[in-house]
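Student: Please take me through one part of this structure slowly, residue by residue where that helps. I'd like to see how the pieces there sit against each other.

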Amino acid sequence: WLVIDRKVYDVSEFSKRHPGGSRVISHYAGQDATDAFVAFHQDKCLVKKYMKSLLIGELAPDQPSFESNKKKSLLEDFRELRCTIEKMGLLRPNYFFFFLIFLHLLVLDAASWLMVWYFGVSLVPFLAGMMLFTTAQIQMGWFQHDLGHCSVFRKPRWNRLLQIVMINMLKGLPASWWNHLHNQHHAKPNCFRKDPDLNMHPLLFSLGKTLSVEVWKRRFNDRKLERDMYLIYHIN
């Protein structure tokens with residue numbers, strides 16, 4: 001179960017069919033997910049129609065609807081700020097701006113290939129083409145990021161379609177994979193074990209004292225298990 005606007009919903013079965021993935025919704029199990037719900041869903045009225053069958057109760061008047069490690073005043077200020085920004089229209093997309101972004105990405109990508117095709121693969125044209133191609137790829141990553149957030153078009157479907165063009169066809173990566181990880185990142189940013197951007201140990205880095213200790217304990221236990229298996233094998 002989770003809480004949205006002080007209403008309690010049983011999402012045990014629904015989490016498996018959740019369009020955003022089961023992990024995103026399971027990260028808020030037993031917690032208040034109001035702010036995440038508002039941030040992730042554009043047409044909230046439509047979504048709430050499907051949520052009626054999941055409703056199982058409501059919080060008592062004296063029961064807080066926010067996590068114990070968060071300050072109520074900060075949450076209220078954040079929600080008020082978001083409402084103000086929405087009323088000012090600052091979240092409305094500028095279609096002409098995004099059209100220019102898309103156009104310049106196509107130009108950069110085409111120029112990188114034309115550079116090598118026309119001037120050959122000698123050092124200077126190759127480096128120039130690589131620079132153009134790298135710039136295009138980096139900018140495509142940020143543009144598909146905006147599309148993944150459904151920030152370009154009002155309809156999520158159009159955002160998804162253009163995102164597939166950008167990341168699947170032009171970058172060679174699956175949009176579903178990126179969305180699955182990035183949705184978790186924004187659902188629980190900087191929360192260890194829930195934010196995939198932090199869940200990269202022990203191969204790349206360790207974060208903080210707790211994680212460092214956890215990594216070394218795991219390594220110690222793995223080596224102890226290997227030693228025990230070695231002794232058992234040779235004794236027998």
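This is a predicted model: local features need pLDDT of at least 70, side-chain atom pairs count only at pLDDT 80 or more; totals for chains, interfaces and linings use all residues.

Tutor: Start where helix H7 meets helix H8: Arg160, Gln163, Ile164, Ile167 and Asn168 of H7 touch Ala175, Trp178 and Asn179 of H8, where contact means heavy atoms within 4.5 Å.

Residues are numbered from 1 along each chain as its sequence is written, and side-chain values use heavy atoms, with hydrogens and water left out. Helices are DSSP runs (H or I, at least four residues), numbered from the N terminus.

Now the angles. The axes of H7 and H8 come within 9 Å and cross at roughly 110 degrees; axes are lines fitted to C-alpha atoms over the stretch in contact, with angles from 0 to 180 degrees between N-to-C directions. H7 and H8 are therefore roughly perpendicular, a label for 65 to 115 degrees.

H8 itself has 13 residues and reaches 18 Å from first C-alpha to last, close to the 18 Å expected, which is 1.5 Å times one less than the number of residues. Among its buried residues are Ala175, Trp178 and Asn179, buried being under 20% relative accessible area with a 1.4 Å probe, protein chains only. Their cover includes helix H1 (22-26), helix H2 (34-40), H6 and H7.

H7 (residues 156-169) has another partner, H6 (residues 123-148): their axes come within 8 Å and cross at roughly 160 degrees. That makes H6 and H7 roughly antiparallel, meaning over 145 degrees. On the H6 side, the contact uses Met140, Phe143, Gln144, Leu147 and Gly148, and on the H7 side Asn159, Arg160, Leu162, Gln163, Met166 and Ile167.

H6 has 26 residues and reaches 37 Å, close to the 38 Å expected. Its buried residues include Met140, Phe143, Gln144, Leu147 and Gly148, and what covers the buried part of H6 includes helix H5 (95-119), H7 and H8. After H6 comes cysteine 150, with a positive phi near 55 degrees.

Conventions. Helices (H or I, at least four residues) and strands (E, at least two) are DSSP runs, numbered from the N terminus. Angles under 35 degrees count as roughly parallel, over 145 as roughly antiparallel, 65 to 115 as roughly perpendicular and the rest as oblique. Buried means under 20% relative accessible area, exposed over 50%, partly exposed in between (1.4 Å probe, protein chains only).
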